[in-house]
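Please look through the sequence and the model below before reading on. The paragraphs after it are meant to be read with the structure open beside them.

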Amino acid sequence: MLRRLLLYLSAAGWARRIATHWGLARRVALRFVAGETLDDAVEAARKLNQQGLLVTLNYLGESITRAEDTEAVVATYLALIEQIHTQHLRASVSVKPTHLGLDIGEDLCRDNLRQILLAAKSCGIPVTIDMEGSPHTDRTLRLYRTLRDEDDFSNVGTVIQAYLRRSEADMQQLAAEGSFIRLCKGAYLEPPDIAFPDKVEVDANYVRLVELYLTGSDHAYLCLATHDERMIQAVQKLIRQYTISPERYEFQMLLGVRSDRQAELAAAGEKMRIYVPYGEAWYPYFVRRLAERPANVWFFLRMLVGR
Ligand SMILES: Cc1cc2nc3c(=O)[nH]c(=O)nc-3n(C[C@H](O)[C@H](O)[C@H](O)COP(=O)(O)OP(=O)(O)OC[C@H]3O[C@@H](n4cnc5c(N)ncnc54)[C@H](O)[C@@H]3O)c2cc1C
């Protein structure tokens, strides 16, 4: 119930307008975001690199409705890529398709992605196209495949969500194509005919998809994006069982979530990448993080009443 309410609020314009003018909400959100500026993001990435952690940087924003607004987003990503390169950060980039105009048109989004991928490719930086709600799934996968195959970008990857019923077929196909995929559980409000409603089913599907993908091809790459200890243990077991090379996978977690475990996995020799978002449009990202863990809501409420 609480998760569904929060996911509804994450997409509600009226709630965003109230929260973004609220200093306390901004302070709490900073647990999950690096800050509002590019300098904040670079600084956070540098610190994580110093701890032996890889990074993927995301400029916060989504659901853009005016084509001209996407120009500034592209320019920001180009500046970010330049900083990653000149500051020698061990960082990739993650982008949301609707931040680059997918809701306006697929061609616009593809042109914008091309500019970002070209700059990133010249610096050897990978770019992952994040996955948003299910109305965007087909178009996002089409963009990924077009950029990979027609535009020949070897530095592009995308995301599959284990809560979607369609994901088994997608993962099978993507493995055969030798894709670069991040597998997460999924963070949006979806109806039960499209997504498994129960956590137990989502978790079982996550493990099934990992096995299917890692055994479905010997050249596909998998980013295991989860904080769930049971998923981590199950994945490590599969990796041992099938003797999967460390060149074929990495773990990923979000900034501010299970930081101790992030360090522990890196110290144990796992490739561990932290998703580091920054920018002023933190509201929907923050509320999706609250929805993932009720304890975060109580933490927020405790701060609210000053205890
Ligand atoms: C690197 C990365 C990239 C992602 N990209 C996408 C994307 O492109 N599209 C998309 O739909 N989703 C994305 N997600 C979000 C993802 O879909 C899940 O919503 C999120 O990761 C929570 O799922 P979980 O696997 O951690 O397991 P859950 O079952 O949600 O959580 C398991 C345990 O992990 C801990 N935990 C999980 N979340 C939190 C939190 N917010 N705060 C504190 N503790 C927490 C708790 O201990 C919890 O009990 C991404 C996640 C990561 C890590």
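Predicted model: local features only at pLDDT ≥ 70, side-chain atom pairs only at ≥ 80, totals over all residues.

Residues are numbered from 1 along each chain as its sequence is written.

The protein chain holds 13 helices and 8 strands, where helices (H or I, at least four residues) and strands (E, at least two) are DSSP runs numbered from the N terminus. Its radius of gyration is 18 Å, close to the 19 Å that the globule rule gives for 307 residues, so the chain is as compact as a globular protein of that length; the radius is taken over C-alpha atoms, and the rule is 2.2 Å times the number of residues to the power 0.38. Along the principal axes, the C-alpha atoms of the protein chain fill a box of roughly 50 × 45 × 40 Å. Of the 307 residues, 42% count as buried, a residue being buried if 20 or more other C-beta atoms lie within 10 Å of its own, exposed if 12 or fewer, and partly exposed in between, with C-beta atoms placed from the backbone. Among contacts in the protein chain with a separation of 6 or more, 74% come from residues 24 or more positions apart, a contact meaning that the C-beta atoms, placed from the backbone, lie within 7 Å.

The 8 strands close into a barrel in the order β1-β2-β3-β4-β5-β6-β7-β8, with parallel pairing; two strands pair if DSSP finds at least two bridges between them. One of these pairings joins β4 (residues 156-161) to β5 (residues 180-184) through 4 bridges, and there T158 has I181 in β5 as its bridge partner.

Strand β7 (residues 249-254) can be followed in more detail. On one side, 4 bridges join β6 (residues 221-225) to β7 in parallel, and L222 is partnered by Y249 in β7. On another, β7 is joined in parallel to β8 (residues 272-278) by 4 bridges, with Q252 opposite R273 in β8. Because 5 of its 6 residues are buried, β7 is largely enclosed by the rest of the structure.

Turning to the ligand, 25 residues surround it, and the closest are D130, C184, A187, T226 and H227; a residue is near a molecule if its C-beta atom, placed from the backbone, lies within 6 Å of it. At least two residues of this shell are supplied by each of β4, β5, β7 and α12 (283-292), and β7 gives the most, with 3 residues.

Helix α12 also contains P284, which counts as buried with 22 C-beta neighbours inside 10 Å. Not counting residues up to four places away in sequence, P284 touches S10, A11, R16 and E62.

Two loop residues remain. S63, between β1 (54-59) and α5 (69-86), has a positive phi of about 55° although it is not a glycine. T243, in the loop between α10 and β7, likewise is not a glycine and has a positive phi of about 45°. S63 is partly exposed, with 15 other C-beta atoms within 10 Å, whereas T243 is exposed, with 6.

Conventions. Contact = placed C-beta atoms within 7 Å.
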